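Here are my notes on the model, point by point. Please keep the structure open while you read.

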Amino acid sequence: MPVDPQHPPVCDYEGSDYQQSFWEQGGRAYEDGAEAVALRRLLPKSGRLLLEVGAGAGRNTPRYAGFERIVLMDYSTTQMQQAQARLGRSEKYIYVAADVYRLPFAPGLFDAATMIRVLHHMAEPEKALARVRAALQPGATFILEFANKHNLKAILRYLLRRQSWSPFTLEPVEYLPLNFDFHPRAVRGYLKNAGFAIGRILTVSHYRIGFLKRWVPTRLLVWLDSLASLTGPLWQLSPSVFVRATTSGTTPVAAPGAFFICPECATPLPDEKDAVLVCPNGHRWGVQDGIYNFKDMLG
Ligand SMILES: C[S@@+](CC[C@H](N)C(=O)[O-])C[C@H]1O[C@@H](n2cnc3c(N)ncnc32)[C@H](O)[C@@H]1O
């Protein structure tokens, strides 16, 4: 389907019970543990302000505890409500409903960002990464997870002619509407084009196989995964890949006090007044129950 460059389509999680059905009841303790190890290895120990892109219900947010403040951002307001119910309202967390293609943050605001299991839904991955890059300071850390089309299972299925698409070619495979797997070399290209330098690469979830997850104790499987993960710089054959990237180039740092910009016209937004932020061009954005809503403009 052709993509409108102004409004790339969004995989909408509004009203979804993803956290409960996929993670808590879906037998994903192994994957969750393997991701925790990867984040521990890749994240800076401390920092000032981290942006979590597509935070969902905040499953990973406690893993960013070394940062003074964390902005949880997701397209779905109900995911933000679930995150808030889990993490609470405090100075540490800022909840923002917004589209990654129209980020409402001052350029050069954050010293780190993560994007875990979100590129998976991007019809315009390079555009989304460029938006994240713009919100980051020079030298900032960005941790990106992506679903890898060049994984061992896909390669075997292709060689045995049980799968029509090639895992070796660079274009993404959209195996369900708005669900994409990417080739690692293509993702490295997207990151470079968006203004990132590639750092450490970890392969994750090597043992995502039903019978192993059933029969091998989760802690042991996570430990085995953490060993296999170290081959990440050499080859990437696992279903999930984590990349630590650093912003390249000399872009400005946000001025002190700058925070939100209008997603419609990119002008700086003044502080909220009576739970509304109004930009100089008259676009109005609401704050409801501690969640900034930059998705639905107020009338
Ligand atoms: C598979 S979930 C992952 C959630 C969380 N990162 C995790 O790993 O538990 C994907 C999330 O990306 C969000 N998302 C998808 N498209 C988005 C977009 N264009 N802008 C912001 N968030 C988006 C969805 O709302 C959903 O919460």
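1. The buried residues of α2 pack against β5 (136-147), β8 (196-204), α7 (210-215), α8 (218-228) and β9 (240-247). Contact here means that two C-beta atoms, placed from the backbone, lie within 7 Å. Helices (H or I, at least four residues) and strands (E, at least two) are DSSP runs, numbered from the N terminus.

2. Two remarks on the basis of these notes. This is a predicted model: local features need pLDDT of at least 70, side-chain atom pairs count only at pLDDT 80 or more, and totals for chains, interfaces and linings use all residues. Residue numbers start from 1 along each chain as its sequence is written.

3. Which residues of α2 are buried? They are Y30, E31, A34, E35, A38 and L42. Buried means 20 or more other C-beta atoms within 10 Å of the residue's own; exposed means 12 or fewer, and partly exposed lies in between, with C-beta atoms placed from the backbone. Seen down the axis of α2, the buried residues fall within an arc of 130°, so they line one face of the helix. The arc is that of the directions from the helix axis to the C-beta atoms.

4. The length of α2 checks out. Helix α2 covers residues 29-42, and its 14 residues should span 20 Å at 1.5 Å a residue. Its end C-alpha atoms are 20 Å apart, which agrees. The expected span is 1.5 Å times one less than the number of residues.

5. Now α8. Its buried residues are L221, V222 and D225. Down the axis of α8 they fall within an arc of 100°, so they line one face of the helix. On the other side, R219, L220 and L227 are exposed. The cover over the buried residues of α8 includes α2, β8 and α7.

6. Next, the ligand. It is surrounded by 20 residues, and the closest are Y13, G54, G56, Y75 and V100. A residue counts as near if its C-beta atom, placed from the backbone, lies within 6 Å. The shell divides into 10 nonpolar, six polar and four charged residues. Ala, Val, Leu, Ile, Met, Phe, Trp, Tyr, Cys and Pro count as nonpolar, Asp, Glu, Lys and Arg as charged, and the others, Gly among them, as polar.

7. Look at the hairpins. Strands β10 (residues 276-278) and β11 (residues 284-288) run antiparallel and are joined by three bridges. Strands pair if DSSP finds at least two bridges between them. Five residues lie between β10 and β11, and G282 in that turn has a positive phi of about 90°. Four bridges join β11 to β12 (residues 291-298), also an antiparallel arrangement. Two residues separate β11 and β12 in their hairpin, where D289 has a positive phi of about 50°.

8. R284 deserves a look. In β12, the bridge partner of R284 is L298.

9. Check two backbone angles in the loop between β9 and β10. A266 lies in this loop and has a positive phi of about 65° although it is not a glycine. With 15 C-beta neighbours inside 10 Å, A266 counts as partly exposed. D274 is in the loop between β9 and β10, with a positive phi near 50°. With 6 C-beta neighbours inside 10 Å, D274 counts as exposed.
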